[in-house]
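Open the model in your viewer and show the side chains.

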Amino acid sequence: MKTVKCGIIGCGVIAPSHIESYRNLSGVEIKTLCDLVKSKAEKLAEKYSVPVVCVDYKDILNDPEIDCVSVCTDHGSHARVVTDALDAGKHVICEKALGASSDCLTTMEVAHARNSHLIFTGIFQHRFENITRLIKEFIDRDGFGTLTTVNLNSALLRTHEYYRQDKWRGTWAEEGGSLLINQAIHYIDLINWLCGGVEEVSARFENLTHQDVIETEDTAVAIMKFKKGFIGSITATASSVETWRHTIVISGTEGFVELNNDEVTYYNFSNKDLRQEFAERLSSCSEEKRINAGKTYYGEGHPAQIKDFIDAIRERRAPFVSAESARSTVEIVLACYESGRSGKWVKTGRN
Ligand SMILES: NC(=O)c1ccc[n+]([C@@H]2O[C@H](COP(=O)([O-])OP(=O)(O)OC[C@H]3O[C@@H](n4cnc5c(N)ncnc54)[C@H](O)[C@@H]3O)[C@@H](O)[C@H]2O)c1
């Protein structure tokens, strides 16, 4: 089996989750770490014994030994880095949010179409958790009957210091928004993926407690019409006493589940056998801890998603999270912003 060689572009908060995930895999080597701030790349290179560091990501792209890259930079740079990487013949896994605008998403999509033999995927690690997969399976088996409502409540805290630590945070141009596109997006992605896509949204967003710090939103609400006809809502704030609490409630004529962060706190199925099966499988759903990097609420999905990326490269197959599907979640968020500005319902498709 040929060794797959990787480069990591961007050595900030999330990079160690990628590094540790690659290090879990046999036949995979991280050759180069890149950051505009050389000391950040050097620090991680020393910790993880990575042989090469650079400040210009083109050095990674020009290295014929490197097969694939993780893009772990700020949102505003994703389109340029991803496009250059694909055009240089590298497989790409890019952190969420794939892009901060429709134009950026389209630029990447066009670059992938030019290089369609390459794997291109976007991180949405919570799709890889055993519990979310179990819920997905029961929805797809029609265990919930006719879905009627899906609700997300995201309550988290982002302090003034958090936004001040990096200049891209809290800006429309570089972050593309804040609460929705950076934090709540994980769970917006889950409801999008679990429930078959959102067709249109009506949203409102505010900056309630960070007025002098960010130009973007810290609080938002949205109502959503899903493609399958049911309706749902998002209520989110980054100004909560809670550090990180996301509750998803999925309600159907035959099934009901309440997911709190990564735990099912209540469920019911009208079919006794289904209820029994869900209970048994839920009890064996605990996640294996495979990496020590990142905050606990990042979950255990990065190793599984990065394994899927490497397997997709080796097996020349599509990754579990297609770029198109990662894009569709960003489009929900972008539609919320557009609706918040215009006061109108906005379709989630390509704007
Ligand atoms: N999946 C998750 O749970 C999760 C968690 C945190 C962050 N993220 C995502 O990861 C990405 C990075 O976030 P972060 O918190 O690590 O940010 P960060 O600011 O801590 O790190 C980004 C790094 O990229 C570097 N960088 C920027 N442009 C570069 C370029 N052209 N070449 C080389 N280096 C460059 C910066 O110097 C910085 O060190 C974002 O997309 C964010 O949304 C995902």
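A charge sits over a ring if NZ of Lys or CZ of Arg is within 6 Å of the ring centre and within 35 degrees of the ring normal. Select R158 and Y162: R158 lies over the face of Y162, 4.8 Å from the ring centre. Now select R133 and F320. R133 lies over the F320 face, at 4.4 Å from the ring centre.

A note on the source: this is a predicted model, where local features need pLDDT of at least 70, side-chain atom pairs count only at pLDDT 80 or more, and totals for chains, interfaces and linings use all residues. Residues are numbered from 1 along each chain as its sequence is written, and side-chain values use heavy atoms, with hydrogens and water left out.

Next, ring pairs. Rings of Phe, Tyr and Trp (its six-membered ring) pair if their centres lie within 6.5 Å; planes under 30 degrees apart are stacked, over 60 edge-to-face, the rest tilted. The count by this rule is 14 aromatic pairs. Select Y162 and Y163: this pair is edge-to-face, 5.0 Å centre to centre with 80° between the planes.

Are these two buried or exposed? Buried means under 20% relative accessible area, exposed over 50%, partly exposed in between (1.4 Å probe, protein chains only). Y162 is buried at 15%, and Y163 is buried at 3%.

Move to Y187 and W244. Their ring centres are 6.3 Å apart and their planes at 65°, so this pair is edge-to-face. Y187 is in helix α8 (residues 179–195) and W244 in strand β11 (residues 239–252), 57 residues apart. Helices (H or I, at least four residues) and strands (E, at least two) are DSSP runs, numbered from the N terminus. Y187 is buried at 1%; W244 is buried at 8%.

Last stop: select F138, F144, Y267, F269 and F278, which form one aromatic cluster.
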